[in-house]
Amino acid sequence: MTDLVEKRLGDLCALGNYLQEADSDPQWERIIDKACAANSFFTPQNIKRAVSQWASLLKEETLRAWIEPYAGKIPKKQREIALVMAGNIPLVGFHDYLCVLVCGYSAQIKLSSKDAVLLPFLNAKMQSCADIRFTQDSVKNFDAIIATGSGNTFRYFDYYFGKYPHLLRKNRTSCAVLNGQESRDDLENLADDIFSYFGLGCRNVSKLYLPQNYDVSILAEAFAPYTQELAENKGYKNNYDYYKSVYLVNRQPHYDNGSALFVEAQGMASPLSVVYYGYYKNGEEVDALLQANREQIQCMLGKGGLPFGSAQQPGLSDWADGEDVLAFLTSI
């Protein structure tokens, strides 16, 4: 590995150590306040949760084991990578940023206005990252681009950036398959998979596949303690009130636990404060449903998938959309 990559690995490990103790830094607390002021869905608790997850991964042994298969493939010629980041949950673009760093590349990063505070502050902690630049303007003069957005912005990305080496992402969501034998702990962990970060992440579960005759009221009751905390957020509460009114006016059957709505629906991506569910008869049927929706699914939890409670604990090789970012960056 190059001297720059070695220096960055040292800086990343130092950053991980800092993040583990960041609560004692008054400057970090001010940064959190500033980030929360810019995005009403960012809370100190959620920011610290995201930071804690990254701090657990920014360790020398973990990082070296992760990049070792790619180390001999990094081009000697410097590359300029453009990153267009989303802002739905705190530091949602950190993984792409990390991939660029460990390749020794420079970058221009277009931040979402919803998450434009945290990453520049953390980047400034690392002396080896002076060639990482942040902008609110259009990216230009780059060798390759990684861009994340909605279904609408994907079409824009494809039109403007399709001629460059690229990874372009659009909306995905996650689902869970229940078999009816889940314990109370399982359901409480599933509640975290659904409602952590207000349910705004692509790894948050928005669709439940339930065995026939499953009593959805069991879920509504089990999730109530979690969702009651979310209802304290004005944006979340406004969504809950709006969709509750819509379902009542349209006489659409639903379960209501006082702060979340459970609706039987064909779709995968439910609105904020709403959880979609559907029934399956047997394993073959649920497998077919998952296969039919595979392009919309980020991850699947429960039977045959990840353990409940692990949706928002991805590892370094849990690639968004299943696209290996380091393989892409080292192939440019």
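This is a predicted model: local features need pLDDT of at least 70, side-chain atom pairs count only at pLDDT 80 or more; totals for chains, interfaces and linings use all residues.

Me: Okay, helix 8 to begin with: how far apart are its end C-alpha atoms, and what should the span be?

Reply: Helix 8 covers residues 184–195, and its 12 residues at 1.5 Å a residue should span 16 Å, which agrees with the 16 Å between its end C-alpha atoms.

Me: Which of its residues are buried?

Reply: In helix 8 the buried residues are Leu187, Leu190, Ala191, Asp192, Asp193, Ile194 and Phe195. Following the helix comes tyrosine 197, which has a positive phi, near 55°.

Me: And asparagine 204, where is that?

Reply: Asparagine 204 is placed in the loop between helix 8 and strand 7, the strand that runs over 205–211.

Me: Buried or exposed?

Reply: With a relative accessible area of 1%, asparagine 204 is buried, because buried here means under 20%.

Me: What does its side chain pair up with, then?

Reply: The side chain of asparagine 204 makes a polar contact of 3.2 Å with the side chain of glutamine 312, and a polar atom of the asparagine 204 side chain also lies 2.9 Å from the backbone oxygen of serine 196. Leaving aside residues up to four places away in sequence, asparagine 204 touches several others, among them Thr173, Ser174, Asp192, Phe195 and Gly199.

Me: Switching to rings: how many aromatic pairs are there?

Reply: The count comes to 19 aromatic pairs. In one of them, phenylalanine 142 and phenylalanine 161 have ring centres 6.1 Å apart and planes at 75°, so this pair is edge-to-face. The two residues are 19 apart and link distant parts of the chain, with phenylalanine 142 in the loop between strand 3 and strand 4 and phenylalanine 161 in helix 7.

Me: Are those two buried or exposed?

Reply: Phenylalanine 142 counts as buried at 8% relative accessibility, and phenylalanine 161 counts as buried at 9%. Tyrosine 159 and tyrosine 160 also form an edge-to-face pair, 4.9 Å centre to centre with 85° between the planes, but tyrosine 159 counts as exposed at 68%, while tyrosine 160 is partly exposed at 45%.

Me: Which residues do ring pairs link into a cluster?

Reply: The cluster linked by ring pairs is made of Phe142, Tyr156, Phe157, Tyr159, Tyr160, Phe161 and Tyr164.

Methods:
Residues are numbered from 1 along each chain as its sequence is written. Side-chain values use heavy atoms; hydrogens and water are left out. Helices (H or I, at least four residues) and strands (E, at least two) are DSSP runs, numbered from the N terminus. The expected span of a helix is 1.5 Å times one less than its number of residues. Buried means under 20% relative accessible area, exposed over 50%, partly exposed in between (1.4 Å probe, protein chains only). A polar contact is a pair of N or O atoms within 3.5 Å; within protein, one must be able to donate a hydrogen and the other to accept it, and residues adjacent in sequence count only if both atoms are side-chain atoms. Contact means heavy atoms within 4.5 Å. Rings of Phe, Tyr and Trp (its six-membered ring) pair if their centres lie within 6.5 Å; planes under 30 degrees apart count as stacked, over 60 as edge-to-face and the rest as tilted.
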